[in-house]
Amino acid sequence: DPQGKANYDIWKESGEDKTGGGSGDTKLSLKTARLEHVFLNYRNEPQLQHISANVESLDLSGEFSARAFDMKMVAAIQSNFVDLSDIRYFPDKKIGVDALLAVDLENGSYDFRKFDLQVEKNLFQLDGTVTVRDDGTAFNLFVANKEGHLDDLILLLPQQSLERVGKLSSS
């Protein structure tokens, strides 16, 4: 919504769990949940984020809870675009993800335990943390290009950056 409240937040805390432990931390165990051929349209107006993609396949697994959990994700995605602060990334790009994330919803942090990202011909390995805060999203990531060439990498830059880079090539 316009205030930044996620419409995908489906957890409801009752203050007491069914086992009588009183933790209120509901759990959902997924061995594998598969999505195929899904259109994704994500908007976060306060953070100036808009993502549009066709999810060809997505496998999720983990022990989910309302507070913190580990999540495994393998996905094949056709990105339409990723708009962050009025800059367009990944227009019409094939993306693959093989990731293990430690998610802490109470603190808004996503720790990349394993994150392989394939964008077109480039394979990246990401390590670090993304934290969602009231004043924006903090990216503390190390990105290593494991496969690809400089020319292919340059083609992934936003249009504004491409105009500044000019003609570069690699061999």
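Three aromatic pairs are found in this structure, which is a predicted model. A pair of aromatic rings is described by the distance of the centres and the angle of the planes. Phe 64 counts as buried because its relative accessibility is 9%, and Phe 69 counts as buried because its value is 11%.

Another of the pairs is made by Phe 112 and Phe 115. Here the centres lie 4.7 Å apart and the planes are at 25°, so this pair is stacked; the cut-off for stacking is under 30 degrees. Phe 112 has a relative accessibility of 10% and is therefore buried. Phe 115, with a relative accessible area of 11%, is buried.

Next comes the surface. Phe 139, Leu 141 and Val 143 make a nonpolar surface patch of about 270 Å². Val 143 belongs to strand β8, which covers residues 136-147. The relative accessible area of Val 143 is 44%, so this residue is partly exposed.

The last topic is confidence. The chain has a mean pLDDT of 84, with 80% of its residues at 70 or more. Strand β5 (residues 93-104) has the highest confidence, at a mean of 97, and helix α2 (residues 159-165) the lowest, at 73. Over residues 17-23, pLDDT stays under 50, and the model has 6 contacts beyond four places in sequence for these residues. Where pLDDT is low, the predicted coordinates should not be read in detail.

Technical notes. Residues are numbered from 1 along each chain as its sequence is written. This is a predicted model: local features need pLDDT of at least 70, side-chain atom pairs count only at pLDDT 80 or more; totals for chains, interfaces and linings use all residues. Side-chain values use heavy atoms; hydrogens and water are left out. Patches are made of residues with over 30% relative accessible area and no salt bridge: like charges are joined within 9 Å, nonpolar side chains (Val, Leu, Ile, Met, Phe, Trp, Tyr) within 5 Å. Accessible areas come from the Shrake-Rupley method with a 1.4 Å probe; for residues, only the protein chains shown count as cover. A salt bridge is a side-chain nitrogen of Lys or Arg within 4 Å of a carboxyl oxygen of Asp or Glu. Helices (H or I, at least four residues) and strands (E, at least two) are DSSP runs, numbered from the N terminus. Buried means under 20% relative accessible area, exposed over 50%, partly exposed in between (1.4 Å probe, protein chains only). pLDDT is the predictor's confidence in each residue, from 0 to 100. Contact means heavy atoms within 4.5 Å. Rings of Phe, Tyr and Trp (its six-membered ring) pair if their centres lie within 6.5 Å; planes under 30 degrees apart count as stacked, over 60 as edge-to-face and the rest as tilted.
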